There are 2 protein chains.
Amino acid sequence: MELLEKAKAGNKPSIARLISIVEEGTPESAAVLREIYLETGGARLIGVTGPPGSGKSTLTDKLVKACRNKGKTVGVIAVDPTSPFTGGAILGDRIRMSGIALDEGVFIRSMGTRGSLGGVSKATHNAIKVLDYAGFDYIFIETVGVGQSEIDIVKTADSVIVVSVPGLGDDVQASKAGILEIGDIFVVNKSDRDGAERVVIELAQMLDLNPNKDIGWKPPIIKTVASRGDGVDELNDKVNEHYDYLLESDEITERRKIRLANEVMEVLMKHAETYVHSRLEEEEFTSKKLDKILSRELNPYDVVDEILEKTFK
Amino acid sequence: MELLEKAKAGNKPSIARLISIVEEGTPESAAVLREIYLETGGARLIGVTGPPGSGKSTLTDKLVKACRNKGKTVGVIAVDPTSPFTGGAILGDRIRMSGIALDEGVFIRSMGTRGSLGGVSKATHNAIKVLDYAGFDYIFIETVGVGQSEIDIVKTADSVIVVSVPGLGDDVQASKAGILEIGDIFVVNKSDRDGAERVVIELAQMLDLNPNKDIGWKPPIIKTVASRGDGVDELNDKVNEHYDYLLESDEITERRKIRLANEVMEVLMKHAETYVHSRLEEEEFTSKKLDKILSRELNPYDVVDEILEKTFK
């Protein structure tokens, strides 16, 4: 396939086209994924997650530049909230990352968060495969770290950077807990603001509650002011240190195994969903039976049993 | 079952115990759900969602009090971020809602957001069924409206209240887009703050983009200062107006049908997941095959085909 060859040679329009294909999940998409899989596995995957307004885009921007300074090529996938009415990713192709958007060695892609559960996750994993196949040395995945699906997307990256920020109120401190256990490196960004030290202390206290805290990698907490570049060198050093740790401990194999298992499970469940859906249609589930369940003439649990019986071997 | 009788009679410890049972998804849980289903459907379901720090708890508190003043009983399910290390919901049983927590006619429950995709949603729907069965007139579901899974939980409530707040930065304005289409009533809380008018205007503009805006219910935008009670009466009026609209247009049947279909689909997919998992175990998928896929000797898409072939009729 000419498109694959061009993408492999680094042709950006071809890479963009390939990502669009694998996003859609068409039969063509399955063929592409099958063909490229055996030539993936070379890229280093870095997840960046944090609440809205924490400055993760700026931080990613700086980290990408650091990679570029070492002559590495970089792909960036930004999982953005999506407009319900336009269907497109609101933030577009990250116009804010203007510093790197025109760089030949950088490819930036926005992914919308709309669609069914697991949909974004699958689309993101597939896009990562295309970038991996296209030969990018580093792939950054940036998500809003609040919802479970967003967390699931980054949690199996080789290194996960969790970004916090002072002054977002109590609720946010609680939300952060959901992403505590997935962080390899914690960043308190906008650390020139009031309350930064308190966020550092709270994070340290929460990490200290982890019963496994003395085993393996100890997640550092780094203060940055990404807009000024403060602390970015230190963060970059820690990212590299973490990668060395992954290689030495061979934890990288374990992580990639988990990531792979999750992906296979996703593909399987997507297929399972299709099977179940078509079975529901055959049963005229959407109209007649649903009415009877609503009027409490039928019990939905009996209906479920019936469908399962007919669907699985 | 004595527990069911007690819960039906409004005994709070029994209700709490029943919710714990249906949360766990055990065989006992299935039996309970099957038994209570035919006696549910009487409660009015109101979803409240908004970003962390928007004051949705305070707002819910005030709405609950308004229901109580009319002599109605109220159940509240707060879907809270969960601590990764303790496993429990950080905010506990909503100590902040102290104004209503001791009221005999109010039952409050926190649900954690941890676990697999779809897990929270299923647990929440099951808890709603228990409260419905126990005879509460109103059930409020409160979630952080950022992640897709949180949105999926509230979007099929009879009425959905989307809470915004000034001053959370650009990112949040974008995030809000993801929940725009599910809102029946929009609230700009903390409207005494700078920028409140801008949030109202932005919301109005975004709603105006909806191609279906002239069909059916037109979502109002209401300014509140929940902590002082400002605007709460107006909000309450709108909630009742929306309910009247649902009844008159019979849209309530349509909504409940969609909710039911989603729930049945969730139950089916949960079962499908169990089938696929056990199939993976039989295939020793987690060890041997995964290694071969990682080393690129095997293509995961071939493995998926093989498993699907063996799983579905």
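**Exercise 1.** In this predicted model, find which residues of H13(A) meet which residues of H11(B).

*Solution.* Start on the chain A side: Pro300(A), Val303(A), Val304(A), Ile307(A) and Leu308(A) are the H13(A) residues in the contact. Now cross over to chain B, where their partners in H11(B) are Leu260(B), Val264(B), Val267(B), Leu268(B) and His271(B).

**Exercise 2.** Describe how H13(A) and H11(B) pack, using the angle and the distance between their axes.

**Exercise 3.** Work out the span of H13(A) and decide how its buried and exposed residues are arranged.

*Solution.* Begin with the length. H13(A) runs over residues 300-311, twelve residues in total, and spans 16 Å from its first C-alpha to its last, close to the 16 Å expected at 1.5 Å a residue. Next, list the buried positions: Pro300(A), Val303(A), Val304(A), Ile307(A) and Thr311(A). Viewed down the helix axis, these buried residues fall within an arc of 100°, so they line one face of H13(A). Last, turn to the face pointing away from the buried side, which carries the exposed residues Asp302(A) and Glu309(A).

Key
Residues are numbered from 1 along each chain as its sequence is written. Chains are lettered from A and ligands numbered from 1 in the order in which they are written. This is a predicted model: local features need pLDDT of at least 70, side-chain atom pairs count only at pLDDT 80 or more; totals for chains, interfaces and linings use all residues. Helices (H or I, at least four residues) and strands (E, at least two) are DSSP runs, numbered from the N terminus. The expected span of a helix is 1.5 Å times one less than its number of residues. A residue is buried if 20 or more other C-beta atoms lie within 10 Å of its own, exposed if 12 or fewer, and partly exposed in between; C-beta atoms are placed from the backbone. The arc is that of the directions from the helix axis to the C-beta atoms. Axes are lines fitted to C-alpha atoms, for helices over the stretch in contact, and angles run from 0 to 180 degrees between N-to-C directions. Two residues are in contact if their C-beta atoms, placed from the backbone, lie within 7 Å.
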